[in-house]
Amino acid sequence: MNPDAGGSSSSPPPRSGSQGAGAGAEEERGGKPVVVVLVGPPGCGKSTFAEAVVTGTTAGRPWVRVCQDTIGNGKAGTKIQCLKAASDALKEGKSVLIDRCNLEREQRADFVKLGGTLHVDVHAVALDLPAKVCISRAVSRKGHEGNLQGGKAALVVNRMLQKKETPLLTEGFSRIMSCNDDGDIKKAVDLYSALGPSDSLPSGMFGQKSKGPVQVGIMKFLKKGDTSSVEKSSGPKITLSESKQGQQNPLPKHEKVEAGITCRMEVEKGLDDKKENEEHAKESDSDNVGSRTLAFPSISTADFQFDLDRASDIIVDTAADFLQKFDNIRLVLVDLSEKSRILSLVKQKASKKSIDSSRFVTFVGDITQLHTKGGLQCSVIANAANWRLKPGGGGVNAAIFNAAGESLQHATKKCADALRPGTSVVVPLPSVSPLHQREGVTHVIHVLGPNMNPMRPDYLKNDYTKGSKILHEAYNSLFEKFASIVQSNMGKQNSKSGAEMSASGGTSPNDTKMKREDSHGSERMKKHKLLPPTMTAKQQHECTKANAPNYHDKSTVSSAAPNQVREGDNKKSGVVASKTWGSWAQALYELAMHPGKYKNTDSILETSDEFVVLKDLYPKAKKHVLVISRTDGLDSLADVKKEHLPLLRRMHSAGLKWAQKFLEEDSSLVFRLGYHSVPSMRQLHLHIISQDFNSTSLKNKKHWNSFTTPFFRDSVDVIEDIEQHGSATSSSDEKVLAMELRCHRCRSAHPNIPKLKSHISTCKSSFPSHLQQRNRLISLSTTMHMDCT
């Protein structure tokens, strides 16, 4: 293992961004703090690690330990308190060690986000000691800060290990180090202790061993009746203070706790299904992130000799514009050398522009081995190609063609014969390609920039006005093509999940909706996360067309897919799917078109030629119904025009009528009528929802924020927008749904749904003033027969 990637425990770590080969690079001295997120179960040595770094620093970098066990005035506190303490320390220029278990991705996400907000690097140090070592230490320790010791510690360790998720670079970490024994931990302590104020560490993954079976938890460990045999198999207890540098733990990470083949096989049999499911889930999540990540080299700065300072400005500008328009996409600028000047310049300028460092990353590594050598999953990579789109030459172009094999050459010929400067072409990589099989790369985007090298074709004679324009066009073309790939993949995923649900026999619109809303990967977000954050619904509808340039894979949109709208089908001009509704999202449409066929007739409150009023079978409040339009082609707010105003007014009146009926039953209720900016299901529908939000079906942050943030558009405002502008403004920003939980009355913040529900059940604060205007709130005192005009 080489945890410090070239540094050693006896000398200061290397400083990234120093003199670059052939680039005349200057040394990078950022002087920035760093967040180190410690990952491991109780007993792995996190607190010992943090204290050793804080008290043993030798190079002048100030460190602060943030420990959840003591954050509350010496007592256990909350993650929110840890985040505040970390934020305060970082703003003071101090580096931070996060001393909490952080075993699940969700537990780490807020600390990664904090680093992005404050523009500091976030590292993960995973203390991957064998389960039995952690158990042994946790059980036997005395006077633990969090009072986690003795028998209960064993149960806690077991529970946590069952939920462990290995940290990945795709979460937003710039560096991940795994420590597999006490010798590794000591090296890591020495590494961070020797980190000076202006020093930084190389990006990437270090110290990972090849995958082995998942560690066995304590329950299997304790099932052995003969405790002496356990002690015999587990060996002596090892603590950090007793370890020797370089000492290897006698038990590798993957070794089972039990002694004897029979017991081990029994344990493996019992864990087989769970491990397989967990691994599939992790792989699926990793693949999902990887499919939204583009790895690209700097264009024209090597063989074409474009000025590095100008090139870095263009990279940062185009990346910033692109990331501002599109959510949930990651860009990774890759270079082979740790001393790369282009990486150093881009990193500095991106920081000054306040670009989210978890979404725009600089990475040192081979672009053809990002997954196997760097632990970074990227389904799409860019190639700095030549105009002939041929292999050869040197640098990235030669490396990618060599790694992908002849199949890339054949696939490229099918898509294009040549490129002009400032353009790009997408090439789907055949599954037989070694690059596809080994690295998971599904597409290569060839891109050609301007040439400033007099020895190469199309020399621009140092005309940087023209050259800069072309380089801008090249990056814009590259990023737009990548966006079209992501959008196409999302369409395929939606269709696939819809087909699977259809095959399983799902029929109820509300059942389907509930399943989708409860999944972490909400399809609502998958469909629309690439749209600009705030625009009119009409602009949203047109944006999909505008942002999907030439794409040459005919398989992207099948003519047999009934739920996809196609905008052209030419190999050279591209294929665009402007909308994709999986069958899971068709249920409300089918109900609206054929209400007589709906089996759950008790849920239908009213039917007319224009709309259907339906109870939500999984209401998010005491009273929650939908008024569903029966107009074919009116899928969402994006389709609404002035000609639909009479329909929207009648839907609004129907909603008021049902709110009035519910108020007659319970005069304490208060209602809002409105639309989701980006609906989860096809067919325009109006929500009539009481503001108590007292429902077991309201389970997560997205449920809450979809009804209490600008994502929910009041019906009166939608009608006014369409009257005045011809379309409705809406917010499709994913960040709105991910906002912290706040009371919709007093706006106080709460850490989770149960605590939020407990608060709102007793909150007597007035509603925000803007909701009290223009009859946005409907109560018993409200005049029920309002003129929507």
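These questions and answers walk through the sheet and the helix packing of a predicted model.

Trainee: What should I know before reading the numbers?
Mentor: Residues are numbered from 1 along each chain as its sequence is written. The model is predicted, so local features need pLDDT of at least 70, side-chain atom pairs count only at pLDDT 80 or more, totals for chains, interfaces and linings use all residues, and side-chain values use heavy atoms, with hydrogens and water left out.

Trainee: In what order do the 6 strands of the open sheet stand?
Mentor: Strands are DSSP runs (E, at least two residues), and helices are runs of H or I with at least four, numbered from the N terminus. Two strands pair if DSSP finds at least two bridges between them. The pairing here is parallel, and the order is 2-3-1-4-5-6.

Trainee: Which residue of strand 3 stands opposite arginine 65?
Mentor: Strand 2 pairs with strand 3 (residues 95–99) in the parallel sense, over 5 bridges. Opposite arginine 65 stands leucine 97.

Trainee: At what angle does helix 2 run to strand 2?
Mentor: Axes are lines fitted to C-alpha atoms, for helices over the stretch in contact, and angles run from 0 to 180 degrees between N-to-C directions. Helix 2 (residues 79–91) lies across strand 1 (34–39), strand 2 and strand 3. Its angle to strand 2 is about 170 degrees.

Trainee: Are helix 10 and helix 11 oblique or parallel to each other?
Mentor: The axes of helix 10 (residues 308–325) and helix 11 (residues 341–352) come within 9 Å and cross at roughly 45 degrees. Angles under 35 degrees count as roughly parallel, over 145 as roughly antiparallel, 65 to 115 as roughly perpendicular and the rest as oblique. Helix 10 and helix 11 are therefore oblique.

Trainee: How are helix 13 and helix 14 set to each other?
Mentor: The axes of helix 13 (residues 395–404) and helix 14 (residues 406–415) come within 5 Å. They cross at roughly 105 degrees. The two helices are therefore roughly perpendicular.

Trainee: Which residues of helix 13 meet helix 14?
Mentor: Contact means heavy atoms within 4.5 Å. On the helix 14 side are Glu406, Ser407, Leu408, Gln409 and Thr412. On the helix 13 side are Ile400, Phe401 and Ala404.
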